[in-house]
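Colleague: I have a model open on my screen and would like to learn how to read it. Could you walk me through some features?

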Amino acid sequence: SQDSAWYSPWAWSRSSATTTTNINADVSSGSQQSTTDQPQLGPELVEKKASTADNEARSTSDQITSSPQETHASATGSDDTNPIQSTISSNRSGWVSFFTARAMAMKSITYEKEGGEMEIMDIDEEDTPGTTAGYSPTSVAPQAPPTKDAKSSVLKQPLTPVVQVPSPLPKNSDVKQAPLTRAATSSETAVHDAMRRQPSPAPSKTSGVKTPTTPPSPNLVLPTWEAVFHSPPRSSVPQPPPSALSRTLQYVSGVLFARDEAASNKGKGKEKETIYSPYDKALPRAWDVFEGVQDADVLRGCKRVVVIGVHGWFPGTVLRTFAGEPTGTSSKFVNRVVEALDQFQEKHKVKLDRVTKIPLEGEGTINRRVEKLYENLTGNKEWMEDLHDADAIFVATHSQGSVVSTHLLDRLIADRHIRTALNADASVPASGTASGSVSALRPPQRICYMALCGIHLGPLRYLSTSSLVLPYIQYFESTAARELFEFQNTESAISKDYVRALRNVLNNGIKVVYVASLNDQVVGLYSGLFTCVSHPLILRALYIDGDAYHSSDFLSNLLVLLLRIRNAGLSDSGLLTHLSEATAGSLNGIGHSTAYEELATYSLAVDYLFLADSGLGAQVELAEEPFNALAEQNDYEIPWALRDLIADHRVTSLFSDEFVSLRDAFRDWHPKTTILRDVKRKLQPIQRLSFAMIASHANAISKL
């Protein structure tokens, strides 16, 4: 068609660069003349100039209407003739109006660069209804005389099919330049419309820069080392008991000088001497608490380390089809411990001579796994030689592997394959020297056993009553999966056997670390932390997934405080058990598997072994309370448990400041789930707590 000759780019794309240059020069000179004349207009000539623009546009339209036949004939007659070049000299103003017409410029793009900032595109997508005409510099009267920079910007503006000529107003003007249009009614209407119309919202100066995303919350393992070992009661060292002679001299001096001391101390409160219980004395303390500064050799002669990894229960074939192969393998646990050891050596500028990795694989029930892993370990001669020569031993486990590892350590202690404080002084090995057992002349080995999300008290209660999970466990899973639910009751035979093995492990001075996951969908906090047992060598910690909770959350801080109370050898009044199901993750979550990916959990065990002693004096016996997870918990006991906790003078004397901080954080706690909102209502009595009440209560107790 005729119109295609005007709008098709290939009709004149063969024109030379010289032609394009001439066009640009001609139009630029026309623009310069128009821009030069623009400042001479006064406000009284607005209507007149707008009328002139109308007449000019009509004449241009007439010329454009009459010219297509001629140009079309020339274009069809010769392919080398450019229609623009042939008519540019006679219809210069028409072509300027045509190329600057809003109908051609569907989107106007402006490149701005002020003060060295990056260039931003200002895209105007607003469509003007009705007939649109070309732009003329005289369409709108200027608000102020243009600056020299503004004139030069117009001269340098390139001629492109899509362009918006910048406003001649100074850039510091308070009046924003509106898009220039001209209605088909009258020049007065055009002027008022142009002055009244507002520009499209321009993007911000930073829209071209990618908005930085909020960094994800970090994963945490709490309480921290400082909160446990550099705070009471572990931050103070019990003094050794006085000898018989010292007690005699103290008694005699008390009788002779009692009257003088009474007169000098009249009107003064007697300072109460701190009394340490056997449990307090048996608590491990950091070496820098004894020595004041950290020893240069934090390894204390340890050169050879053995790392044993034991994986947890693996689901059956049916579940693996949907969930994939398990990732918590024994090799992963071993490698993560080695990474934590490397980090420890780099931090403290020490070096180990040898680190042996022993990943033990094997599935089945607990007793079957213990037998299989024990045979695999003792059947490897190189592993056993390194185990006998080791100065320190780490055992890293997960889920069901926590129970298996406890029985495995109990078996190794009984057969004297590892040296402890109790069997190191035995003169004759239990199974003779021919079996490869260790001679009893060497010092005891330092051993740390870490259980991640251990299933010590079985899975969560609701899993045993779920109409979805229970049939799958009964009909599709193996006996090993059904066996785990027997640990929910401490009176079961398998649970009693496990506690017996754990008691033997602790009596031999082996340090134990229990780490639970806050949003575990399989194991509750009470099970992962084994809350129904108590012993000085047990250190408890909580893994907090940054995606599920954050450090400023009230519930997170409350749970961490309860763990600090348990690590101090005090009771939590059952609050950890009551809050376990409220913090459990969804059934399709991954909280049970994320704890063993965090390096900080392994670093805690490494620090516990090398940076802390094994307690002063003889160790106390393992204390156990009966527990049955199948018995439904009464959540209305939560306010009473909180009251008992605050009323305990030992708790308030150590953690009064923490309770006041929790009271203040309670107001900012806004839980989003129904379960947590119900828990918040039951914890509201903490708001009635006053710092004066706690301080006075703690001071009154300390003066008794």
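Modeller: Happy to. Start with the secondary structure: the protein chain has 31 helices and 11 strands. Keep in mind that this is a predicted model.

Colleague: How much of the protein chain is buried?

Modeller: Of its 704 residues, 44% are buried. The accessible surface comes to about 36,900 Å², and carbon and sulfur atoms hold 54% of that.

Colleague: And what share of the contacts joins residues 24 or more positions apart?

Modeller: Taking contacts in the protein chain with a separation of 6 or more, 79% are between residues 24 or more positions apart.

Colleague: Where does P443 sit, and is P443 buried or exposed?

Modeller: P443 belongs to the loop between α18 and β7. With a relative accessible area of 57%, P443 is exposed, because exposed means over 50%.

Colleague: Let's turn to helix packing. How do α16 and α18 cross?

Modeller: For a helix pair, read the distance and the angle of the axes together. Helix α16 spans residues 366-378 and helix α18 spans residues 400-414; their axes come within 9 Å and cross at roughly 55 degrees. The two helices are therefore oblique to each other. As for handedness, the crossing is right-handed.

Colleague: Which residues make that contact?

Modeller: From α16 come I366, R369, V370, E371, L373, Y374 and L377, and they meet Q400, G401, V403, V404, H407, L408, R411 and L412 in α18. Sorted by class, the contact has nine nonpolar, three polar and three charged residues.

Colleague: What angle do the axes of α24 and α29 make?

Modeller: Helix α24 (residues 554-567) and helix α29 (residues 649-666) have axes that cross at roughly 175 degrees and come within 10 Å. Angles over 145 degrees count as roughly antiparallel, so α24 is roughly antiparallel to α29. On the α24 side, F554, N557, L558, L561, R564 and I565 take part, meeting V651, F655, E658, F659, L662, A665 and F666 in α29. This contact divides into 10 nonpolar residues, one polar and two charged.

Colleague: Now the backbone. What should I expect for phi and for peptide bonds?

Modeller: The general idea is that most residues other than glycine have a negative phi, and most peptide bonds are trans. Exceptions deserve a look on your screen.

Colleague: Which residues does a cis peptide bond join here?

Modeller: P223 lies in the loop between β3 (220-222) and α9 (225-229). Another cis bond joins P232 and P233, where omega is about 5 degrees. P233 is in the loop between α9 and α10 (244-256).

Colleague: And which residues have a positive phi without being a glycine?

Modeller: C453 is one of them, with a phi of about 50 degrees. C453 sits in the loop between β7 (446-452) and α19 (461-465). F530 also has a positive phi of about 50 degrees, and F530 is found in the loop between α23 (525-528) and β9 (533-534).

Note on methods. Residues are numbered from 1 along each chain as its sequence is written. This is a predicted model: local features need pLDDT of at least 70, side-chain atom pairs count only at pLDDT 80 or more; totals for chains, interfaces and linings use all residues. Side-chain values use heavy atoms; hydrogens and water are left out. Axes are lines fitted to C-alpha atoms, for helices over the stretch in contact, and angles run from 0 to 180 degrees between N-to-C directions. Helices (H or I, at least four residues) and strands (E, at least two) are DSSP runs, numbered from the N terminus. Angles under 35 degrees count as roughly parallel, over 145 as roughly antiparallel, 65 to 115 as roughly perpendicular and the rest as oblique. A crossing is left-handed if the near helix is turned anticlockwise from the far one by less than a right angle, and right-handed if clockwise. Contact means heavy atoms within 4.5 Å. Ala, Val, Leu, Ile, Met, Phe, Trp, Tyr, Cys and Pro count as nonpolar, Asp, Glu, Lys and Arg as charged, and the others, Gly among them, as polar. Buried means under 20% relative accessible area, exposed over 50%, partly exposed in between (1.4 Å probe, protein chains only). Accessible areas come from the Shrake-Rupley method with a 1.4 Å probe; for residues, only the protein chains shown count as cover.
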